[in-house]
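Reader: I am new to this structure. Please show it to me, and then let me ask about it piece by piece.

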Amino acid sequence: MAYTVPKLKDFSAAALDKAAEKLLAALERESAEITAEADWKTFRDRWMARKNGVLTQLNDLWLKAAPKDAKRDVGQKVNELKRQVEDAIEAAQKKSGGAPLSRLESDRVDISLPGIPRKIGAEHPVIKTMNEIVSVFRNLGYSVQEGPVVETDYYNFEALNFPLNHPARDTQDTLFIAGQESKPQSERLLLRTHTSPVQIRTMEKIKPPIRIVIPGKVHRNDPPDASHSPMFHQVEGLAVDTNITFGDLKGTLDHAMKALFGSSVKTHFRPSFFPFTEPSAEMMVSCFICGGSGRRGSEGCRPCKQTGWIEILGCGMVDPNVFEFVKDNGYDSRKVSGFAFGMGPDRIALLKYGVDDLQLFFQNDIRFLRQFA
Ligand SMILES: [Zn+2]
């Protein structure tokens, strides 16, 4: 029969000892029967439960019921029994293999399980190419500058010496923001057609000398095909200082091409025209696919159209008219000169990775992109 706390009539020391003995015998008997964690929980609740547990009954039936002159001795006895009960419960818990607290049990994490692998991705081939170009110029001491993709007519055209009737301003080429007609021409918004507005924005902020490289996204109203896209990328550079000559331009770009495509490539300049540079040039590099021979085995080299040369960038000496727009910040064309250049990393990535369709770069097909990871 299960142990129940008896009411005491006699609160003498001898009677207390006898009652305590019976209680401890019951405690020992019940704890000996525990084999599983569930048994232990029942045991714990029976002895410790706030409502009607054995310890609570001891308090009510022995301590509270004790006459005044016996209270002190009964209190000591009850406290002693409490400790013994608590010790027994703790010992029984270890024996049953239970966790110290049931909440910890449900929160338990199995740290021996393997983790969940997360794929971290890789650089897009175009971004990778841009970063490579930028780092070549960073190593030459150029700093990186960026600017807004939505530009004003002033920064995109006017301050870069594009006359009002220049064909590049035509809606065939430029994507204009709608509803700008009420503004003066120079404040009308458009999607920048080149990264060159950042040249003006930087020269407004920083006095000469400057050396900057400008990577970024540009837009033109070109229908997408294998070599065109309405959105593409540019990396452009600008150096302004006293006594900058065309020789500095050639030396800098020749070095950059060797850093990008290998030390054996040759560079070649031929005259060209850009509104913001004078004189202007197109630069070719010897084909890094066929080594400049124009042939690959018995076949002609497609990327260089069998010429052995690939047109890679536009460049030139900054037109004094451009400096006029920033002359208040120290760009006096009689004292400073500079060169600028710009190239298309999308096209360079096409050549470098032997991809024959520009659209593949922008379709985000993971099967295609994974090859460059
Ligand atoms: Zn070639």
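Reader: Is L16 buried or exposed?

Author: This is a predicted model, in which local features need pLDDT of at least 70 and side-chain atom pairs count only at pLDDT 80 or more, while totals for chains, interfaces and linings use all residues. Residues are numbered from 1 along each chain as its sequence is written, and side-chain values use heavy atoms, with hydrogens and water left out. Buried means under 20% relative accessible area, exposed over 50%, and partly exposed lies in between (1.4 Å probe, protein chains only). L16 has a relative accessible area of 4%, so L16 is buried.

Reader: Which helix holds L16?

Author: Helices are DSSP runs of H or I with at least four residues, strands are runs of E with at least two, and both are numbered from the N terminus. L16 sits within residues 13-32, and that helix is α1.

Reader: Which residues is L16 in contact with, leaving aside its neighbours within four places in sequence?

Author: Contact means heavy atoms within 4.5 Å. V74 is 58 residues from L16 in sequence, yet their C-alpha atoms are 7.5 Å apart. The contacts of L16 are L8, F11, W62, D73, V74 and K77.

Reader: How many helices and strands does the chain have, and what is its radius of gyration?

Author: The chain has 13 helices and 11 strands. The radius of gyration is taken over C-alpha atoms, and the globule rule is 2.2 Å times the number of residues to the power 0.38. For 373 residues that rule gives 21 Å, and the chain is well over it, so it is more spread out than a compact globule: its radius of gyration is 43 Å.

Reader: What box do the C-alpha atoms of the chain fill?

Author: Of the 373 residues, 42% count as buried. Among contacts with a separation of 6 or more, 67% come from residues 24 or more positions apart. Taken along the principal axes, the box is roughly 120 × 60 × 40 Å.

Reader: Which residues coordinate the zinc ion?

Author: Donors are N, O and S atoms within 2.8 Å of the metal (3.2 Å for Na, K and Ca); water is not among the atoms, so sites may look incomplete. Here the donors are SG atoms at 2.2 to 2.3 Å. Their spacing along the chain is C-x2-C-x10-C-x2-C. The residues are C287, C290, C301 and C304.

Reader: What is the arrangement of the four donor atoms around the zinc ion?

Author: Four donors count as tetrahedral if all angles lie between 85 and 135 degrees. The ideal angle for four tetrahedral donors is 109.5 degrees. Around the zinc ion the angles are 100 to 117°, which makes the arrangement tetrahedral.

Reader: Are C290, C301 and C304 buried or exposed?

Author: C301 has a relative accessible area of 1%, and C304 has 2%. C290 is at 12%. C301, C304 and C290 are buried.

Reader: How many disulfides does a search of the whole structure find?

Author: A disulfide is a pair of cysteine sulfur atoms within 2.5 Å. The search of the whole structure finds zero.

Reader: Which strands pair with β7, and in which sense?

Author: Two strands pair if DSSP finds at least two bridges between them. Strand β6 (residues 267-274) joins β7 over seven bridges, with H268 partnered by M284. Strand β10 (residues 309-318) joins β7 over eight bridges, and there V285 is partnered by I310. Both β6 and β10 are antiparallel to β7.

Reader: How many residues of strand β7 are buried?

Author: Strand β7 covers residues 277-286. Two residues separate β7 from β6 in a hairpin. β7 is mostly covered, and of its 10 residues the number buried is eight.

Reader: What is the phi of N52, and what is that of N243?

Author: Most residues other than glycine have a negative phi. N52 lies in the loop between α2 (37-48) and α3 (54-63), and N243 in the loop between β5 and α9 (246-261). N52 is exposed at 60%, and N243 is exposed at 66%. Both have a positive phi: N52 is near 75°, and N243 is about 60°.

Technical notes:
Tetrahedral: all angles 85-135°; square planar, octahedral: opposite > 155°, others 65-115°.
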